[in-house]
Amino acid sequence: MDKKVFVMLANGFELIEAMAPIDVLRRAGLNVVTVSTLENTLEVESAQKVKVLADTNIKDIDSGEGVMVVIPGGFPGFVNLRTDEKVIAIVKEYLNDNRYVGAICGGPTILGVNDLIGDYKFTCHTSVKEDMKSSNYMEGDAVVDRNLITSPGAGKSLEFGFALASVFVDEETILKVKKGMELV
């Protein structure tokens, strides 16, 4: 697949919420690009103090090449992402263009605090429900509403990854990935 899935990484991101979906998406054959939102460095530190080397820097991407942007949670990672003007602009662009936005845990708050949630149904970590400024909260491992895919937290990272992948690949590919991961 030529089009890119951009996974935004800011210091303090939740390791499993970024890496599990990246793993699932790459196993499904998607072109996943990890993006450092930090100025002039590709090294990003997770909330668990694991340093990750991103594929590229946000200043070097062409958002038009993407079909999906993924916003992981983790503290203070999700706060860093929801206050980053470049990330906010990309999320807004993708929502408006009917391209996909995936967000997990505190990640969906980028939509709530920046008045982008509109009438989308969503889920998120229960500790940040109030930040969403919406009554459209739903329970679920992954909530898909049009071009928005959300998930509640770290424990649902694999389910989130499969929900993201299912937008682009068929059920046979999903099953093959699950078998390879000994999930079925």
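**Exercise 1.** In which strand is Thr150 found? Then decide: is Thr150 buried or exposed?

*Solution.* Keep in mind that this is a predicted model. Start with the element: Thr150 sits in strand S9, which covers residues 148–151. Next, check the accessibility. Buried means under 20% relative accessible area, and Thr150 comes in at 0%, so Thr150 counts as buried.

**Exercise 2.** Work out what surrounds Thr150.

*Solution.* Skip residues up to four places away in sequence, and Thr150 touches Ala103, Pro108, Phe122, Thr123, Asp141, Ala142, Val143 and Phe160. Now pick out Thr123: its backbone nitrogen is 2.8 Å from a polar atom of the Thr150 side chain.

**Exercise 3.** Which residues of the largest nonpolar core touch the most other members?

*Solution.* This core has 30 residues, and the top spots go to Met8, Val69, Ile71, Val87, Val91 and Leu111. Among the elements giving two or more residues to this core are strands S1 (4–9) and S6 (66–71) and helix H3 (85–96). H3 supplies the largest share, 6 residues. Now zoom in on Val69: beyond its neighbours within four places in sequence, its contacts include Phe6, Met8, Val91 and Tyr100. A separate core of 29 residues includes Leu9, Val24, Val44 and Ala54.

**Exercise 4.** Which residues make the nonpolar surface patch of about 330 Å²?

*Solution.* The patch is built from Leu158, Leu175, Leu183 and Val184. Take Leu158, found in helix H5 (residues 157–165). With a relative accessible area of 31%, Leu158 is partly exposed.

Conventions
Residues numbered from 1 in each chain as written. Predicted model: local features only at pLDDT ≥ 70, side-chain atom pairs only at ≥ 80, totals over all residues. Heavy atoms only, no water. Patch = residues over 30% accessible without salt bridge, like charges linked within 9 Å, V, L, I, M, F, W, Y side chains within 5 Å. Areas by Shrake-Rupley, 256 points an atom, 1.4 Å probe, with all protein chains shown as cover. Salt bridge = Lys/Arg side-chain N within 4 Å of Asp/Glu carboxyl O. Helix = DSSP H or I, 4+ residues; strand = E, 2+ residues; numbered from the N terminus. Buried < 20%, exposed > 50% of the residue type's maximum accessible area, 1.4 Å probe, protein only. Polar contact = N/O pair within 3.5 Å; in protein donor to acceptor, adjacent residues only side chain to side chain. Contact = heavy atoms within 4.5 Å. Core = buried A, V, L, I, M, F, W, Y, C linked by side-chain atoms within 4.5 Å.
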